[in-house]
Amino acid sequence: MTAQRFQLYDTTLRDGTQQEGMVLTVDDKLAVARHLDAFGVGFIEGGWPGAVPKDTEFFRRARTELRLGTAELAAFGATRKPGVAAAADPQVRALLDAETPVVTLVAKSHPRHVELALRTTLAENLAMVGDTVRLLVREGRRVFVDAEHYVDGYRLDRGYALDVVRAAAGAGAEAVVLCDTNGGSLPDAVRAVVTATAGATGVPLGIHCHDDSGCAVANTIAAVDAGVRHVQGTAHGYGERCGNADLFTVAANLVLKRGLPVVPAARLREMALSARAVAELTGVPGRAAAPYVGPAAFTHKAGLHASALRVDPGLYQHIDPALVGNGMRTLVSDMGGRSSVELKARELGYEVDAGSETVARAAARIKDLENRGHSFESADASFELLLREELDGGGRPARPFEVVSWDVRVDAGPAGRAPTRARVRLRIDGVPLVAEGEGNGPVNALDRALHAALDPFFPQLAAVELTDYQVRVLGRGSEAAARVLITFGDGRRTWGTVGVDENTVAASWRALLDAVHYVLLDTAAPAAAEPARCAAAG
């Protein structure tokens with residue numbers, strides 16, 4: 001089975017957009033389509049023209065704005081209505097007006113859906129399938145037919161489900177896609193239905209699985225093992241209810257586990273990047289622990305794992321992460337030990353040995369700090385500062401500035417406004433410096449005060465922005481300690497810091513300071529500030 005014969009079909013822009021909370025503009029859909037094409041899918045289902053105005057506009061613009069290198073664009077729609085000629089059905093005409101090379105039709109293959117949802121006879125439904133496919137084929141379209149509710153329909157009435165497959169194929173459909181629409185099937189059932197359908201009809205088959213039983217990917221692979229040559233899915237498994245089969249997982253499994261070249265190896269090595277790009281465009285992030293492409297897919301925390309990974313990463317990883325464009329990460333926590341510290345340090349570019357006194361001190365400090373509420377899993381910058389302290393002999397290294405004091409004041413204003421002002425008193429090269437900042441809360445005000453004080457002396461701080469803020473109460477009651485995790489970015493990279501204190505603002509201040517010190521780790525003497533800015537700060 002070659003890449004040309006095997007069909008990888010993406011329905012993110014149609015089925016995927018039915019996910020709760022996902023709203024895409026036409027520009028979004030065009031951009032997502034470009035990334036899916038770059039990844040290497042064979043078909044991109046753009047939407048339902050005629051039924052959804054936004055999709056109609058998408059296909060209109062796609063004719064001049066979308067240049068696909070690998071994929072073919074498909075329009076999705078239904079068979080003709082009962083009692084209406086296919087050529088006279090407005091919805092069928094809209095499929096032709098979309099001017100796509102491929103049309104995918106949804107057809108009922110479950111008797112109860114025919115009678116209760118379509119409110120027609122079983123015989124008329126077969127005629128609807130055949131008439132619509134024949135018209136589209138005569139108009140020069142490649143046609144796929146999604147046999148909706150096929151797996152459940154086959155169990156209820158095997159003969160009728162097979163009749164739908166034969167009607168579609170006999171009219172010229174290139175493949176009939178067997179759908180587990182309710183997503184409740186298990187792999188053995190899917191494999192059995194596909195095998196029996198292929199044996200009874202000899203028709204080229206596809207598979208479309210939903211994930212309501214958590215088996216969409218497994219069901220898809222089972223169908224491939226049973227002989228299907230066309231698989232459908234969505235990026236990140238987007239879709240209604242529990243979603244669809246995750247096309248990234250399916251593609252990687254087919255290439256790396258089944259040896260089917262459904263996408264070239266070079267494209268597969270960009271898969272994690274493609275996944276991130278699609279998630280950013282949709283605004284719906286994929287799971288951190290998503291197979292292959294998730295940021296946690298090759299992340300290790302336990303000390304036992306870390307010890308083995310030092311010897312051979314393959315001992316706790318099923319593939320080389322580079323094959324899918326991902327990478328291995330080590331999390332430092334109280335669950336780990338010296339090996340975790342060593343691996344994390346090497347990941348950050350430090351050559352240390354697990355048996356060294358430096359690593360032993362760092363591991364002991366981490367266990368103690370995490371016992372008191374710290375968490376270094378998402379705070380690489382705070383970990384690196386701790387490591388640097390131990391590399392410098394266990395003492396606190398020289399800082400480019402000294403904190404004298406800081407304070408925050410909240411002033412109740414009119415109409416419920418409560419502006420917050422922060423003041424920081426620092427000392428740079430022995431020279432005192434005072435700066436203020438106003439924000440929409442104490443953390444924002446302190447962040448602005450630090451920028452006002454330090455940016456004139458350390459220009460590299462000007463690009464640093466706080467991008468995420470999380471606080472967790474450790475324990476119960478209003479006097480419990482708080483753990484603050486803050487994420488920062490400067491347009492090129494992101495890093496996280498942690499602070500813990502009984503006072504949430506104090507915990508936030510510590511995390512803010514760690515972020516600044518992290519940026520200034522390798523900074524030489526501060527730059528001379530402009531006199532006017534010095535005066536304003538002082």
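**View 1. The S12–S13 hairpin and its turn.** Strands S12 and S13 form a hairpin with two residues between them, and Asp-429 in the turn has a positive phi of about 55°. The model shown here is predicted, so to speak of local features pLDDT must be at least 70, side-chain atom pairs count only at pLDDT 80 or more, and totals for chains, interfaces and linings use all residues. Residues are numbered from 1 along each chain as its sequence is written, and side-chain values use heavy atoms, with hydrogens and water left out. S12 covers residues 420–428 and S13 residues 431–439; the two pair in the antiparallel sense over nine bridges. Pairing here asks for at least two DSSP bridges between two strands; strands are DSSP runs of E with at least two residues, helices runs of H or I with at least four, and both are numbered from the N terminus. Look across from Arg-421 and you will find Glu-438 in S13.

View 2. Val-408 is found in strand S11, residues 402–410. Its relative accessibility is 29%, so Val-408 counts as partly exposed (buried is under 20% relative accessible area, exposed over 50%, partly exposed in between, with a 1.4 Å probe and protein chains only). Leaving aside neighbours within four places in sequence, Val-408 is in contact (heavy atoms within 4.5 Å) with Thr-420, Arg-421, Ala-422, Pro-442, Leu-446 and Val-505. Val-505 is 97 residues away from Val-408 in sequence, yet their C-alpha atoms are 8.8 Å apart.

View 3. S14 and S15 (residues 481–489) run antiparallel and are joined by nine bridges, and Leu-474 stands opposite Ala-481 in S15.

**View 4. The largest cavity.** This cavity has a volume of about 80 Å³. On a 1 Å grid over the protein atoms alone, a cavity is a set of points where a 1.4 Å probe fits but cannot get out, and lining residues have an atom within 4 Å of a point; points are joined across faces, edges and corners, and the volume is the space filled by probe spheres set on them. Among the lining residues are Asp-447, His-451, Phe-488 and Val-516. Helices H17 (442–454) and H18 (504–519) each supply at least two residues of this lining.

**View 5. Two histidines with positive phi.** His-149 has a positive phi of about 55° although it is not a glycine, and for His-236 the positive phi is about 60°. Most residues other than glycine have a negative phi. His-149 sits in the loop between S5 and helix H6 (150–156) and is buried, with a relative accessible area of 6%. His-236 lies in the loop between strand S8 (230–233) and helix H10 (247–256); His-236 is also buried, at 17%.

Note on methods:
On a 1 Å grid over the protein atoms alone, a cavity is a set of points where a 1.4 Å probe fits but cannot get out, and a pocket is an open set with protein on both sides within 12 Å along at least five of seven lines; lining residues have an atom within 4 Å of a point.
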